[in-house]
Amino acid sequence: MSGCPKQQENCLAYVRYIREKTNQLLGVMGTEPLQEEELDDHALIELDPIGTIAQSFGHILEYLNETINELQVAKDELQAIFDATGVGISIIDRNFRILRCNEKQRTLLLAPEAEDVTGCYCFDAYGNRNAPVEHCPAKYTFATGQPAVAREIVKRGKYFQVATTPFARDENNKVTTVIEVSLDITEKKMAEQSEKEQRDFYLTEKSKLATVLESLSEGLLVAGTNDRILSVNRSATMILQRDEAELIGLALTDLFPVISVELTDPMEIIQGLELTCTQARANECHLSLNMAPLLDNEMKRIGRVITFRNITEEKKQQELYHRTEKLSAIGQLSAGVAHELNTPLGSILGYARLLLKQENLTQQQREQLAVIAEQAKKSGTIIQALLNFSRHAQPTQCRLDACDLNSVIKNALCLLTTELSKRKIILTTDLELIPKVCADPWGIEQVVLNLVMNALQAIGSQGEIRIIVRRQPGGVRLEVQDSGPGIPDEVRSRIFDPFFTTKPFGEGTGLGLSICAGIVNENGGNIDIVKSDSRGTTFVVILPCKESVDA
């Protein structure tokens with residue numbers, strides 16, 4: 001280095017300064033300092049490390065500016081995503097203070113005019129509470145360091161699903177801030193509640209409908225498009241005397257063969273179809289049936305609905321009503337006829353008997369007068385039967401009292417001992433101990449006599465008659481069974497008609513059973529014939545108990 005000593009000294013000082021500052025920069029950069037033996041003073045000045053470093057700093061600054069721009073763009077993008085996301089997001093510190101929240105969170109939980117909530121407590125700003133709730137997910141995340149999810153939290157009258165996750169930790173790995181994400185599920189919750197209300201309403205209405213259907217006195221069947229039974233109510237099983245399991249899946253035509261023609265039309269509507277159905281134990285009952293198509297909300301047929309009721313008793317009551325009307329009409333006619341015939345027949349019989357007392361009659365004359373007297377007597381008997389029938393056919397008030405039915409039966413049978421012995425007919429009784437019936441004793445005795453005499457005439461000789469008395473709900477049941485030939489089905493409906501008889505000509509007037517029916521009806525009871533698979537006939541008389549009438 002040439003020049004004056006002063007310049008040399010300044011130059012050395014400059015070199016030392018450059019070397020010192022260069023070593024400082026290298027130290028900051030983590031590089032070993034320059035040694036004099038590696039780079040002498042002259043080479044150091046020519047190298048110009050300060051200029052090189054300054055140039056490098058220029059490059060670094062340029063790179064940093066680019067990086068800052070990219071970071072700003074990324075920050076803006078993240079902010080846009082943060083604000084534009086469909087869920088509310090908040091950043092909360094350990095004191096549950098809001099550090100930041102996005103616009104969605106403000107829209108969901110804050111009023112439009114609300115001020116900035118930064119620094120406010122989340123439980124106050126979002127929930128209007130004094131402290132975090134017990135199941136707060138942020139509280140759980142701060143305590144455990146684990147993410148948490150709350151399925152349903154109420155904030156300001158809205159329902160949210162809230163999830164929290166750690167956002168920042170300190171040097172001890174302790175969570176210092178969390179991100180809270182809120183998803184508005186209010187509409188979903190309302191929809192679930194509405195669905196639950198509709199479901200509860202549907203179940204309630206279904207229960208009501210089921211109760212109504214089960215309480216119906218009419219039988220109800222629901223059949224599918226294939227006309228097989230899908231559902232039945234309790235009354236249907238009781239009327240048909242079949243179990244529900246036996247009816248489910250059964251074809252309608254198997255249960256009611258008579259409706260097979262109606263089933264050809266899928267939209268057929270039937271009202272009041274009367275049919276006969278075979279119940280369990282081979283019992284027959286009369287039904288009144290209605291049928292209509294079952295339609296869905298689009299008016300498409302999805303099956304059939306069949307309702308029916310047991311009209312067996314109604315049919316019997318109708319028959320009884322018609323029978324009573326006929327009895328009343330014929331009774332009036334019989335009373336008039338008997339009254340008109342009784343006087344001339346009495347005169348004929350009286351004069352015939354006077355003539356028989358004359359001594360100058362021939363044997364032939366006596367025989368002829370005897371025939372006249374006998375026939376007049378028989379005619380008088382028929383007229384008396386007409387009078388008895390007319391009395392019971394008219395609506396009269398008979399004397400009803402507490403009647404011991406078993407005693408009445410025994411008294412009546414005493415009058416038939418000779419006839420039973422002559423015909424060699426065995427009569428047995430099975431009389432259960434029963435309460436007294438409300439009836440006219442004389443009238444009931446006539447019924448018993450007529451029924452037993454009817455059985456005697458049906459048997460002829462060498463047979464058996466059995467009388468059974470049993471108690472039943474509300475009354476007493478009297479049965480008169482015989483071993484005769486029975487009554488054909490085609491005439492069963494007429495046996496109580498006046499003047500109808502199956503006996504040979506001259507052996508009956510056809511008024512005995514009609515008189516029995518009139519007496520039983522006057523006493524508030526019912527009489528009928530029971531169909532039997534074996535030979536013979538069983539008449540059944542139902543009479544009310546005295547105690548049930550008083551009640």
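Student: Let's start with α6: what covers the buried residues of that helix?

Tutor: This is a predicted model, and in it the cover over the buried residues of α6 includes β1 (88-93), β3 (148-155), β4 (158-169) and β5 (175-184).

Student: And which residues of α6 are the buried ones?

Tutor: Helix α6 spans residues 137-144, and its buried residues are Pro137, Ala138, Thr141 and Phe142. Looking down the axis of α6, you find these buried residues within an arc of 140°, so they line one face of the helix.

Student: Zoom in on Thr141 for me. Is Thr141 buried or exposed?

Tutor: Thr141 counts as buried, because its relative accessibility is 0%.

Student: What is Thr141 in contact with, leaving aside neighbours within four places in sequence?

Tutor: With those neighbours set aside, Thr141 touches Gln146, Pro147, Ala148, Thr164, Thr165, Pro166, Val175 and Val178.

Student: What happens just after α6?

Tutor: Gly145 follows there, and it takes a positive phi of about 80°.

Student: Switching to cysteines. How many disulfides are there?

Tutor: The count comes to 0 disulfides. Take Cys120: it is in no disulfide, and the nearest cysteine sulfur, in Cys101, is 9.6 Å away. Cys120 counts as partly exposed, at 32% relative accessibility.

Student: Let's do charges. How many salt bridges does the structure hold?

Tutor: It holds 14 salt bridges. One of them joins Lys208 and Glu205, whose closest N and O atoms are 3.5 Å apart. Both residues are in helix α7 (residues 186-215), and being 3 residues apart, they are separated by about one helical turn.

Student: How exposed are Lys208 and Glu205?

Tutor: Each is partly exposed: Lys208 has 47% relative accessibility, and Glu205 has a relative accessible area of 32%.

Student: What about Arg309, which side chain does it meet in a salt bridge?

Tutor: That would be Glu314, at 2.5 Å from N to O. Arg309 is partly exposed at 31%, and Glu314 is partly exposed at 37%.

Student: Which residue forms a salt bridge with Glu432?

Tutor: Arg470 does, and the closest N and O atoms of the pair are 4.0 Å apart. Glu432 sits in the loop between β12 (425-431) and β13 (437-439), while Arg470 is in strand β14 (residues 463-472), so the pair ties together parts that are 38 residues apart in sequence.

Student: And which residues are linked with those two in a network of salt bridges?

Tutor: The network links Glu432 and Arg470 with Asp430 and Arg466.

Student: Now the surface. Which residues form a nonpolar patch there?

Tutor: Ile60, Tyr63, Leu64 and Ile68 form one, with about 410 Å² of accessible area together. As for Ile68, you'll find it in helix α3 (residues 49-84).

Student: One loop I'm curious about: where does Asn523 lie?

Tutor: Asn523 is in the loop between α16 (512-522) and β16 (526-530). It counts as buried, at 3% relative accessibility. Its C-alpha atom and that of Asp401, 122 residues apart along the chain, are separated by 9.8 Å.

Student: To wrap up, how many helices and strands are in the chain?

Tutor: There are 17 helices and 17 strands. Of the 551 residues in the protein chain, 34% are buried. The chain exposes about 33500 Å², with carbon and sulfur atoms supplying 53% of that. Among contacts between residues at least 6 apart in sequence, 56% join residues at least 24 apart.

Definitions and conventions:
Residues are numbered from 1 along each chain as its sequence is written. This is a predicted model: local features need pLDDT of at least 70, side-chain atom pairs count only at pLDDT 80 or more; totals for chains, interfaces and linings use all residues. Side-chain values use heavy atoms; hydrogens and water are left out. Patches are made of residues with over 30% relative accessible area and no salt bridge: like charges are joined within 9 Å, nonpolar side chains (Val, Leu, Ile, Met, Phe, Trp, Tyr) within 5 Å. Accessible areas come from the Shrake-Rupley method with a 1.4 Å probe; for residues, only the protein chains shown count as cover. Helices (H or I, at least four residues) and strands (E, at least two) are DSSP runs, numbered from the N terminus. Buried means under 20% relative accessible area, exposed over 50%, partly exposed in between (1.4 Å probe, protein chains only). The arc is that of the directions from the helix axis to the C-beta atoms. Contact means heavy atoms within 4.5 Å. A disulfide is a pair of cysteine sulfur atoms within 2.5 Å.
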